[in-house]
Amino acid sequence: MELVIAVQQPQPEEIMLEDLEDIVITSELQSRTPRETNLQAENQALAHLARLLVNKPETMLQKLVDIALKLCKASAAGISTLSTTFSGEEVFRWNVLAGTLKQHTGTTIPRSQSLCGICLERATPQLYQYPKRYFTYLQAVKTPIVEALVLPVVADLQALGTIWIMSYSKQRHFDSEDVRVMTFLADFAAAALLKQRQTQPVLANPDMPWCHDVKGYISWYDQLRVIIENLPGGAVFVVDQNLRYLFAEGEA
């Protein structure tokens, strides 16, 4: 009788590493053969985004990630905005998502623990392989992430957040063509976020030490979130003039 003990080898994405540089493979972008350019699809996307920026800016961010998903043949795409909490901690919020991650919309991650934070620190596009091995918050995403391409969203020398795409397929690797497409999408994202900030009501009172953000104010969105967190058993709802829900959270 022979005893055989089978040991299941962990998948690459399940191995936790200590060194960030083990998952950053940005240098490979230049050595990979770029995929074929689809100028017709790009031109149609650019024209559509330009119209939205003028006529329906409130829908533009979602359209941006939808376009990123399609043009780059990605598994997931999103825009993470940078903000500061009342305690002074910088966080990224997954504002809009497309693809398989849509159920995680609204998730917040501390800047110091985020692949988006690394991207802003280096101020250049960053490519990651199996990012779950280093960024533990991504363990909430059940599907294995093979690659993630993250670009900074900057306007007027101010970092607003990042735009990113992910691939779950070992056959789909990002290249310089994806960087080029995502770069012009990042410019549109910056314009949309700036317009959004200009139209949102804000609270500004420098005499109140708890009221601060990257520019000395907090947005109405952050105000509502704090209210909700201190309203046990209640809920907060915000609707627009057409009675469409813009915000709904709380225990109730």
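A140 sits in the loop that links strand 4 (126-129) to strand 5, where helices (H or I, at least four residues) and strands (E, at least two) are DSSP runs numbered from the N terminus. With a relative accessible area of 43%, A140 is partly exposed; buried means under 20% relative accessible area, exposed over 50%, and partly exposed in between, with a 1.4 Å probe and protein chains only. From C-alpha to C-alpha, A140 lies 9.1 Å from H104, although 36 residues separate A140 and H104 in sequence.

A word on the ground rules: this is a predicted model, in which local features need pLDDT of at least 70 and side-chain atom pairs count only at pLDDT 80 or more, while totals for chains, interfaces and linings use all residues. Residues are numbered from 1 along each chain as its sequence is written, and side-chain values use heavy atoms, leaving out hydrogens and water.

Now step back to the whole chain. Its secondary structure comes to five helices and ten strands, and 43% of its 252 residues are buried. Taking contacts (heavy atoms within 4.5 Å) with a separation of 6 or more, 55% are between residues 24 or more positions apart.

Let us go inside next. In soluble globular proteins, nonpolar side chains tend to be buried together. A nonpolar core here is a set of buried Ala, Val, Leu, Ile, Met, Phe, Trp, Tyr and Cys residues joined through side-chain atoms within 4.5 Å. The largest one holds 38 residues, and L149, I165, M182 and L185 touch the most other members. Elements that each supply at least two residues include helix 1 (39-55), helix 2 (60-71), strand 5 (147-155) and helix 4 (176-199). Helix 4 gives the largest share, eleven residues. Leaving aside residues up to four places away in sequence, L149 has among its contacts L29, I165, F174 and M182. A second, separate core has 25 residues, including L20, L115, C119 and Y128.

Finally, look at helix 1 and helix 2. Their axes come within 10 Å and cross at roughly 175°; axes are lines fitted to C-alpha atoms, for helices over the stretch in contact, with angles from 0 to 180 degrees between N-to-C directions. The two helices are therefore roughly antiparallel, a term for angles over 145 degrees. A41, E42, A45, H48, L49, L52 and L53 of helix 1 meet M60, K63, L64, I67 and L71 of helix 2. The residues of this contact divide into nine nonpolar, one polar and two charged, with Ala, Val, Leu, Ile, Met, Phe, Trp, Tyr, Cys and Pro counted as nonpolar, Asp, Glu, Lys and Arg as charged, and the others, Gly among them, as polar.

Definitions and conventions: Angles under 35 degrees count as roughly parallel, over 145 as roughly antiparallel, 65 to 115 as roughly perpendicular and the rest as oblique.
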